[in-house]
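The topics follow in short groups.

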Amino acid sequence: AAIEWQLQEIQQRTDLLYTLQKPPQELTIDQARATSIFRIFQEAVTNIVRHAEASHIYVRLMQHANAVLLEVEDDGKGMSRRQITDRNSLGILGMRERARLWGGYVTINSTPDVGTTVTIWIPHETAHMEVSTGLTRVLVADDHATVREGIRRFLADTPDLVAAREAGTAPEIFEAVAAGDCDVMLLDISLPGRDG
């Protein structure tokens, strides 16, 4: 309800339209986790309003057996890899820290002139993800944003898989693997500059 209220308020204050996809039943998540998800969501939509030059916000809220997944997507100008990984970006760092407190994560995937997707994953119980959730975190590596988007949406409908990260180039793949927050990689064989 708070997410829907926030989106309605943004639509009234700006020219941004929104689409909200949510489960038919209420989420089974405690208040503290729900508050953290909402605060991360607020930061994501604030960034859209201030910086994205978008016309539409797409929000998908899903409940898996062991976690809540929230995706906030816009059709704006996108962000560079440098902006996403900038250690001085307090808003992005704050979103990630809030999620980590619960054993979850926030990923940001962006394509210039197409838009940005922020994915928030918070488990129902705080514990090390590899041990307790049974959820496999997938790195989707393909140089075509449309292909990555299709795979990410497919994985979102699969209860034990989640697209934790995306990469479009070999350096992005190495960066993602070094971060250690993925269990498996779905790798395109033909990447520009360095093949799979």
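Helices (H or I, at least four residues) and strands (E, at least two) are DSSP runs, numbered from the N terminus. This is a predicted model, in which local features need pLDDT of at least 70, side-chain atom pairs count only at pLDDT 80 or more, and totals for chains, interfaces and linings use all residues. Residues are numbered from 1 along each chain as its sequence is written, and side-chain values use heavy atoms, with hydrogens and water left out.

Helix α2 (residues 31-52) packs with helix α1 (residues 2-13) and with helix α4 (residues 90-100).

**Helix α1 with helix α2**

- The axes of α1 and α2 come within 11 Å and cross at roughly 15°. Axes are lines fitted to C-alpha atoms, for helices over the stretch in contact, and angles run from 0 to 180 degrees between N-to-C directions.
- α1 is therefore roughly parallel to α2. Angles under 35 degrees count as roughly parallel, over 145 as roughly antiparallel, 65 to 115 as roughly perpendicular and the rest as oblique.
- The α1 and α2 crossing is right-handed. A crossing is right-handed if the near helix is turned clockwise from the far one by less than a right angle, and left-handed if anticlockwise.
- From α1, the residues Ala2, Ile3, Trp5, Gln6, Leu7 and Ile10 meet Phe38, Phe41, Gln42, Val45 and Val49 of α2. Contact means heavy atoms within 4.5 Å.
- By class, the contact of α1 with α2 holds nine nonpolar residues, two polar and no charged. Ala, Val, Leu, Ile, Met, Phe, Trp, Tyr, Cys and Pro count as nonpolar, Asp, Glu, Lys and Arg as charged, and the others, Gly among them, as polar.

**Helix α2 with helix α4**

- α2 and α4 pack at about 165°, with axes 10 Å apart. The pair is therefore roughly antiparallel.
- The crossing of α2 and α4 is left-handed.
- Ser36, Arg39, Ile40, Glu43 and Ala44 of α2 meet Gly91, Met95, Arg98 and Ala99 of α4.
- The contact of α2 with α4 has four nonpolar, two polar and three charged residues.

**Residues along α2**

- Which class does Ser36 fall into, buried or exposed? Ser36 is buried, at 10% relative accessibility. Buried means under 20% relative accessible area, exposed over 50%, partly exposed in between (1.4 Å probe, protein chains only).
- Beyond its neighbours within four places in sequence, Ser36 is in contact with Arg98 and Trp102.
- Ser36 and Val162 sit 126 residues apart in sequence, with their C-alpha atoms 20 Å apart in space.
- Ala44 lies in α2. Ala44 counts as buried, at 4% relative accessibility.
- Setting aside neighbours within four places in sequence, Ala44 touches Val72, Met95 and Val118, in the sense of contact.
- Ala44 and Glu166 are 122 residues apart along the chain, and 18 Å separates their C-alpha atoms.
- Val49, also in α2, is partly exposed at 31% relative accessibility.
- With neighbours within four places left aside, Val49 is in contact with Ile10, Thr14 and Leu16. The C-alpha atoms of Val49 and Thr14 lie 8.0 Å apart, across 35 residues of sequence.

**Strand residues**

- His56 belongs to strand β2 (residues 56-63). His56 is buried, with a relative accessible area of 15%.
- The side chains of His56 and Thr19 are joined by a polar contact of 2.6 Å. A polar contact is a pair of N or O atoms within 3.5 Å; within protein, one must be able to donate a hydrogen and the other to accept it, and residues adjacent in sequence count only if both atoms are side-chain atoms.
- Outside the four places on either side, contacts of His56 include Leu17, Tyr18, Glu73 and Asp75.
- Arg165 is in strand β7 (residues 161-167). Arg165 is buried, with a relative accessible area of 18%.
- Partners of Arg165 beyond four places in sequence include Thr107, Asn109, Glu175, Asp181 and Cys182.

**Positive phi in loops**

- Glu53 has a positive phi of about 55° although it is not a glycine. Glu53 sits in the loop between α2 and β2 and is exposed, with a relative accessible area of 63%.
- Asp113, another residue other than glycine, has a positive phi near 65°. Asp113 lies in the loop between β4 (105-111) and β5 (115-123) and is exposed, with a relative accessible area of 68%.
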